[in-house]
Amino acid sequence: MSSQTDQVPGRLADGMPPVVLGVVLFVASECVFFSALFAAWFTARARSPQWPPGGIQIDPSLGVFTSALLVLSSVVVAFAEYALRRQDTAGMRRLLWLAVVLGLVAVLGQGIHLGGLPFTISSNGFGTIYWTTSAIDSAHVLGAVVFALVVLARSAAGRLMPSLMRGAAVFWHFVVGVSVFTFLVLEVLT
Amino acid sequence: MAVREAGPEVAQPDAPRRHPVVEWLTTTDHKKIGIMYMITAFVFFLIGGLLAMLVRTQLMFPSGLFPLNTYNQLFTMHATIMIFMFVMPITVGIANYVVPLMIGAPDMAFPRVNAFSYWLFPLGGIIVLSGFASPQGAAQAGWTSYPPLSEHLTAGSSPGWGEDVWVLGLLVLGVASLLGAINMLVTIFKLRAPGMTMYRMPIFVWTFMVTSILLVLALPTFSAALMALFVDRNLGGHFFDPAPGGGGAILYQNIFWFFGHPEVYILILPSMGIISEVLPVFSRKPLFGYRAFIYATLAIGMLSFGVWAHHMFVTGASYSPFFSVMTAAIAIPTGVKFFNWTATMWQARIKMTAAMYFALGFLLLFLIGGVDGVFLGSPPVDFQLHATYWVVSHIHYVLFGGAAFGIFTGFYYWWPKWSGRFLNERLGKAHFWFWFIGANLAFMPMHIDGLEGMRRRVGTYLPVFADLNRISTVGAYLLGIGALIFVANVILTARTPRTAPDDPWEANSLEWATTSPPPPWNFTSVPRIRSERPVRDMRLAAATAAEAVAAEAASPDGEGQA
């Protein structure tokens, strides 16, 4: 299980393992990326006489459901990490599979929500930024799911570094945070 | 020196023998990847340089030579190639090779990610260049690609898929740069040899660390802007639609320059680091004010996020006093660096190698580029000079006189380490003079063009500017000849025997403590690091030991005579 070490032999063993540091830096860049999208959203909103334009009404119930699922999945991932720390590999895998299923259901929910919207990406500025941000958000949830699947695959092969699990968890929590924030900005605060 | 004993044949014992082509295509060795980065970027440099010659050929004649839409493609692709496919990746290549060596590491933190980043680079570059195959030609909206010019909303602006592949290719290059920057930061933070504290790292490592931080925090906004441009062009989006409800064209400028200004420092900081390695070595002195230089680098990095709207003074949509003051403030840490460099050379016994020529050329040309940039930081001056040839002159003094001269300083300095061979010094100095004179001939007259009101990015001009433009064109051709001299130098010296010792320049940093070129995994034992000049420490220790042995051998005679 922990036959692979987190640290580079002969190098500084304190602080974050390299993989986790890499993921943290990637998350920092992702924050900047989403900031640019939200900057576009608020700029378009400030330039628009009416927001959402044309009296568009969005039903937030599916968004509430997917956000709740994602927050729950984040808790599950945290427990999966604790399981790994207790050397409970089987427990870790069960919990991580559960998180993967929750993530996929959430993406499905987001897809159904987008499919039912009364506007498209080309309707107006609101629609463009709404669709783009939502689609990128869902793509990120899928990315976190893929990362978790990599962890599961390496665990099945007996080659999992604990730091990779930590990295996957950091990315998962970030994605859930962004997803909830996106929901709040696009649907609750409009 | 124990670390000297490793030869290239001391590969890891279980490494299977592979055909050299397979070996290079599949390598994860940071040194091979660094070399591939440099070769690929240099090929793009030659393409970008050829486009520059064509741009200057057009401008020999007030009424131009090529159709105007061809001219638009020429200058757009010239800038795109030079910025994203030459200066950025070639500094990544240099850093890929030397940073792990400088910090005493065996490789980068994530060698496979490193190889992946590299292979995205030629892919992205080819995607961008494929625009020339489009019936309407390659991208033609300038390297800044402002909407509405870069969108479909205005009739006739950026038609065809040349602009689309420009966007997609740059997105690919962005992923490559981002992964490379993260890899570099983790390498610097986690893989330093014992004893290599942060304040013992070579200055080049520091400047590349700050460069990588800027990439991580600035590049994603450019990716977002490109993606939005793609949505607007291909999915009917309204990100940058000037109509109410859209984000407006100024939104693009804000997002683009939030990346674009840190990008300027991404381009120049590595070159500043290179000459900070070279000046002390050939001045036979330590860098004056090592820590001050580091703090100045950090200050430049931080300030670079607060100046983006100085590119947008004429829009009237930015708070000019703030951005003007911040812009002027950047001159302070830059001035600190000039003081560091000058004081390093003060009363020194300078060795005038080709690398040193280029380093001095950097100082002179970058100084001109820095000062004429400060003028642009003043809004009333900028209102007059915006989008004139003054700006073209400024950007070429800092990017060619600064970044490119720094890069070639690094080439002449590290060439023996990379190849085991020396470049010819006389050809190197000839290269320098062609470039130094050529750059000033090409770019100095542009100051006057700009002050007199000649607009940039326009393929025709009033006949009154003809003489100055012809001087610029002659200068540009001299730059082309200089580049060919460099190519000739590389080809001619490639046949000479590998005579470079470990430490030909009597340098300071750890890459000179191993063989030239270094073996796989770089070092056979961890070098002793007790200061920011470990190789000099080793040299001194060896010299002291040799003296002691000599004194001991001589001592019986001395006693006999006493």
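Axes are lines fitted to C-alpha atoms, for helices over the stretch in contact, and angles run from 0 to 180 degrees between N-to-C directions.

This is a predicted model, in which local features need pLDDT of at least 70, side-chain atom pairs count only at pLDDT 80 or more, and totals for chains, interfaces and linings use all residues. Residues are numbered from 1 along each chain as its sequence is written, while chains are lettered from A and ligands numbered from 1 in the order in which they are written.

Helices are DSSP runs (H or I, at least four residues), numbered from the N terminus. Two helix pairs are listed below.

| Helix pair | Angle | Axis distance |
|---|---|---|
| Helix 8 (residues 290-303) and helix 9 (residues 320-345) of chain B | roughly 160 degrees | within 9 Å |
| Helix 1 of chain A and helix 5 (residues 162-190) of chain B | about 135 degrees | 9 Å |

Helix 8 and helix 9 of chain B are therefore roughly antiparallel to each other. By contrast in topic, the angle in the other pair makes helix 1 of chain A oblique to helix 5 of chain B. Residues in that contact include A:Leu21 and A:Phe26 of helix 1 of chain A and B:Ile182 and B:Phe189 of helix 5 of chain B.

Between the chains, 32 residues of chain A are in contact with 33 residues of chain B (C-beta atoms, placed from the backbone, within 7 Å). Helix 1 of chain A gives the most to the side of chain A that touches chain B, with 17 residues.

Note on methods: Two residues are in contact if their C-beta atoms, placed from the backbone, lie within 7 Å. Angles under 35 degrees count as roughly parallel, over 145 as roughly antiparallel, 65 to 115 as roughly perpendicular and the rest as oblique.
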